[in-house]
Amino acid sequence: MRILHVLDHGLPLQSGYTFRTRAILTAQQARGWQVAAVTGARQGESAATCETIDGLTFHRTPMPPKLPFPLREAAEIAALARRVDAAVATFRPDILHAHSPVLGALAALRVARQRHLPLVYEIRAFWEDAAVGNGTGREGSLRYRATRALESWVVGRADAVVVICEGLRGDLIARGVDPGKIVVSPNGVDLTLFGAAPPRDEALAAELGLEDAETIGFIGSFYDYEGLDDLIAAMPALVAARPRARLLLVGGGPMEAVLRAQAAASPVAGQIRFAGRVPHTQVERYYGLVDVLAYPRKRMRLTDLVTPLKPLEAMAQGRLVAASDVGGHRELIRDGDTGTLFAPDRPPAIAAALADLLADRSGWDARRARARAFVEADRNWASNISRYWPVYQQLAGHHSVDAPWSHAPILPA
């Protein structure tokens, strides 16, 4: 089986998107399949038109001229379609597997119809909801509704659709998509990378002033929907209840400057640490310092529909997790069993939940063991990858193009 993946971006960039991609491609190679990938223009400048990173082959798309919306998006689709077509000519895949956002699926669909190849479209989040979560869009706006319509248009023409969670599956079914066309391939963990509880690095703890601390941590990207402002706002009450409590924030992103300013103005500013971005190979050192990983996502469509990756990585490493009670977290965490859920958007609820956890450690070992067992059984990429096989096998063996390619609608400004 030969699969060509079409991506927004990939390695060496680091994000939840690239980590999921690497896990999928690596597990498929381990199964004996031939895989390659094409990244879109948003990858940025690359050293070569084709690169091998971590044993994975990436064909790069050149940057098109910078144009205003929506001409920029149309140029990106056209550039990516040309690069996918060239990769098809040399790699000769059995399947095109496009990953969201929808721009990549549009490019792949064009090539799939021209080359008579089956197309699998994998949705990790809806583009319009991601824009709202990132602060670049508004729910219900003309652009939001047009993007949603475009997503539905592509889903209707793909030969199969993969989603990462039940929330996304339910939304597509509500739009009228045939449930038999949708496969759930949930976020998972590569247990060769996150396979053991990391040891505590005392030198790093001393460097960060965490030698005798009860440490609450967040490791990831600083987007508004992650709710880190609520976590910082919860710290005065948490420190009042647990004087040794400290907050460690590892990562960066659009909200970093705002969060640093909020922390500096906090009455417990001395108990909040920013470690900045760290290489993925060093992340385990920081996990090893944290008692409880906190994920205080705000309640919105994005967080109710989409499951995050980071709590799974923490659970795989034997870390205790506490998260807001939103739909995406409820698919991963059983409250009081494999983790703790607290009311979203409420700093006092965050502080109370974390204080209760720190006050009673008697059940920590059993809870961490149950969380780890859940990841091993249900969220391990080595086994999750089998979910793709029936889809690939059916499409490669019995592919017929049901809907011809036609020009997709252009998004309004």
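Me: How exposed is Arg 260, and how do I read that in this predicted model?
Reply: Start from relative accessible area, where partly exposed covers the range between the buried limit of 20% and the exposed limit of 50%. Arg 260 has a relative accessible area of 36%, so it counts as partly exposed.

Me: Which residue forms a salt bridge with Arg 260?
Reply: The general idea is that side chains of opposite charge can pair when their charged atoms come close. Here the partner is Glu 256, and the closest N and O atoms are 3.0 Å apart. Both residues sit in helix H9, which spans residues 256-265, and they are 4 residues apart, about one turn of the helix.

Me: Which residues do salt bridges with shared partners join into one network?
Reply: Glu 128, Asp 129, Arg 148, Asp 171, Arg 175 and Arg 301 are joined in that way. Over the whole model, the count comes to 33 salt bridges.

Me: Are Asp 54 and Arg 22 buried or exposed?
Reply: Asp 54 has 55% relative accessibility, which is over 50%, so Asp 54 counts as exposed. Arg 22 has a relative accessible area of 15%, which is under 20%, so Arg 22 is buried.

Me: What about Lys 298 and Asp 230?
Reply: Their side chains meet in a salt bridge of 3.2 Å, N to O. This pair also links distant parts of the chain: Lys 298 is in the loop between strand E12 (292-295) and helix H11 (301-305), and Asp 230 is in helix H8 (residues 228-241), 68 residues apart. Both residues are buried.

Me: How should I read the surroundings of Thr 21?
Reply: Begin with its place, which is helix H1, residues 16-30. Thr 21 is buried, because its relative accessible area is 1%. Leaving out residues up to four places away in sequence, Thr 21 touches Leu 7 and Arg 124.

Me: Where does Asp 291 lie, and what does it touch?
Reply: Asp 291 lies in the loop between helix H10 (283-287) and E12. At 17% relative accessibility, Asp 291 counts as buried. A polar atom of its side chain lies 2.8 Å from the backbone nitrogen of Thr 215. Beyond residues up to four places away in sequence, its contacts include Ala 213, Leu 320, Arg 361 and Trp 364.

Me: Which residues have the most contacts inside the largest nonpolar core?
Reply: They are Leu 238, Leu 249 and Val 292, in a core of 63 residues. Val 292 touches, among others, Ile 216, Leu 320, Val 321, Leu 354 and Trp 364. A second, separate core has 47 residues, including Val 111, Val 154, Val 155 and Val 184.

Me: How many disulfides are there?
Reply: A disulfide is a covalent bond between the sulfur atoms of two cysteines. In this model the count is 0. As for individual cysteines, Cys 50 is partly exposed at 37% relative accessibility, whereas Cys 165 is buried at 1%.

How values were computed:
Residues are numbered from 1 along each chain as its sequence is written. This is a predicted model: local features need pLDDT of at least 70, side-chain atom pairs count only at pLDDT 80 or more; totals for chains, interfaces and linings use all residues. Side-chain values use heavy atoms; hydrogens and water are left out. Helices (H or I, at least four residues) and strands (E, at least two) are DSSP runs, numbered from the N terminus. Buried means under 20% relative accessible area, exposed over 50%, partly exposed in between (1.4 Å probe, protein chains only). Contact means heavy atoms within 4.5 Å. A disulfide is a pair of cysteine sulfur atoms within 2.5 Å. A nonpolar core is a set of buried Ala, Val, Leu, Ile, Met, Phe, Trp, Tyr and Cys residues joined through side-chain atoms within 4.5 Å. A salt bridge is a side-chain nitrogen of Lys or Arg within 4 Å of a carboxyl oxygen of Asp or Glu. A polar contact is a pair of N or O atoms within 3.5 Å; within protein, one must be able to donate a hydrogen and the other to accept it, and residues adjacent in sequence count only if both atoms are side-chain atoms.
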